[in-house]
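Student: I've got this model open on my screen and I'd like to go through its pockets and one of its strands. Can you help me work it out?

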Amino acid sequence: MVTHIGAPRRREPATIHINGLSKDYSTPRGTVHAMGTVNLTIHAGEFICVVGTSGCGKSTLLRMIAGFEQPTTGNIKVDTLEVEGPGPERGVVFQDYGLFPWLTVEENVAWGPHQQHLGKSIVKERCEKYINAVGLERFANRYPNELSGGMQQRVSIARVLANEPSVMLMDEPFGALDAMTRSSMQEELVRLHHEIGITVLFVTHSIEEAVKLANRVVVMTGGAAKGIPGHVRGIVDIDLPAERDVTGERFNALKRQISQMVNTEEG
Ligand code: ADP
């Protein structure tokens, strides 16, 4: 079902400036050079997918933008504000939904706005708006364990959007879903992005998913396990219309181009 969001958003989509960012982890077995120097600008309203094989530093990058990890060098600015920790202007959607099982759908979605001490009527309005936006109006009083995986992931997206963030960070959000559900969630996310105009950074190891969703794909390679810190191999512009034909020639040419970049290290 298509629900249109009419009311203006409080926060405009933000630009993310990543400057000289790197990350080492200290472990009992020594230092892990997880990510080498990354410079990247994600423009306001873009839908960026980050792809790469396991261990190349995709989640590390996302977690630093989220403020969950501190960079070893460099910094991140969301518009002009330097990231020093988590903040309500950056919402994060995880693969395992991260819902509170003891709260209903509506209570889960209301959680963020409550934490921001917004008035009761605004909280109610936001809950309605974003629960409707993800098509769950008939399930507002259900608990997470009464819902399918796809529905739980919709709740977690609504919960993030209810904070009206300027950036949405998504770490393999559809990785645990079956192929059909995943495909319909991808379509819904494209629609939501179009309607809400938020900046999205979406981590996936599926090249097809990246070409379906993004306007630019950031390809990462390397990884501590390979002895080369993870880094950006290249960025591919997805010059496809909003409605994408996964069987189309250009779609498949882009998939092949990205696949080659993922699977070959520059020498
Ligand atoms: P990806 O998301 O691309 O699979 P990650 O960002 O999760 O990669 O990991 C990059 C590298 O950093 C991997 O070698 C991983 O083992 C290592 N790593 C990630 N988190 C930690 C941590 N908390 N402590 C030590 N090493 C870590």
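Predicted model: local features only at pLDDT ≥ 70, side-chain atom pairs only at ≥ 80, totals over all residues.

Student: Which element gives the most to the lining of the second largest pocket?

Tutor: Start with the elements that give two or more residues to that lining: β6 (90-94), α2 (105-115) and α4 (149-161). Now look for the one that gives the most. With 4 residues, that's β6.

Student: How many charged residues are in the lining of the second largest pocket?

Tutor: Sort the lining by class. You get 9 nonpolar and 7 polar residues, and the charged ones number 2.

Student: OK, on to the largest pocket. Which element supplies the largest share of its lining?

Tutor: The space in this pocket is about 610 Å³. Of the 18 residues lining it, E187, V190, R191, A242 and E243 are the closest to the centre. Both α5 (179-196) and α6 (207-213) supply at least two lining residues. The largest share, 7 residues, belongs to α5.

Student: And by class, how many nonpolar residues does the lining of the largest pocket have?

Tutor: Take the other classes out of the way: there are 5 polar and 5 charged residues. The nonpolar count is 8.

Student: Now the strand. Are the residues of β7 buried or exposed?

Tutor: Here buried means under 20% relative accessible area. V167, L169 and D171 point one way from β7, while M168 and M170 point the other way.

Student: Which residue in β7 is the bridge partner of R90?

Tutor: R90 falls within β6, which covers 90-94. β6 and β7 pair in the parallel sense over 5 bridges. In β7, the partner of R90 is V167.

Student: Which residue in β8 does V167 stand opposite?

Tutor: β7 also pairs with β8 (residues 199-203), in the parallel sense and over 5 bridges. Follow V167 across to β8 and you land on T199.

Technical notes
Residues numbered from 1 in each chain as written. Heavy atoms only, no water. 1 Å grid on protein atoms, 1.4 Å probe; cavity = no way out; pocket = protein on both sides within 12 Å on 5 of 7 lines; lining within 4 Å. Points joined across faces, edges and corners; volume = space filled by probe spheres on them. Nonpolar A, V, L, I, M, F, W, Y, C, P; charged D, E, K, R; others polar. Buried < 20%, exposed > 50% of the residue type's maximum accessible area, 1.4 Å probe, protein only. Pairing = 2+ DSSP bridges.
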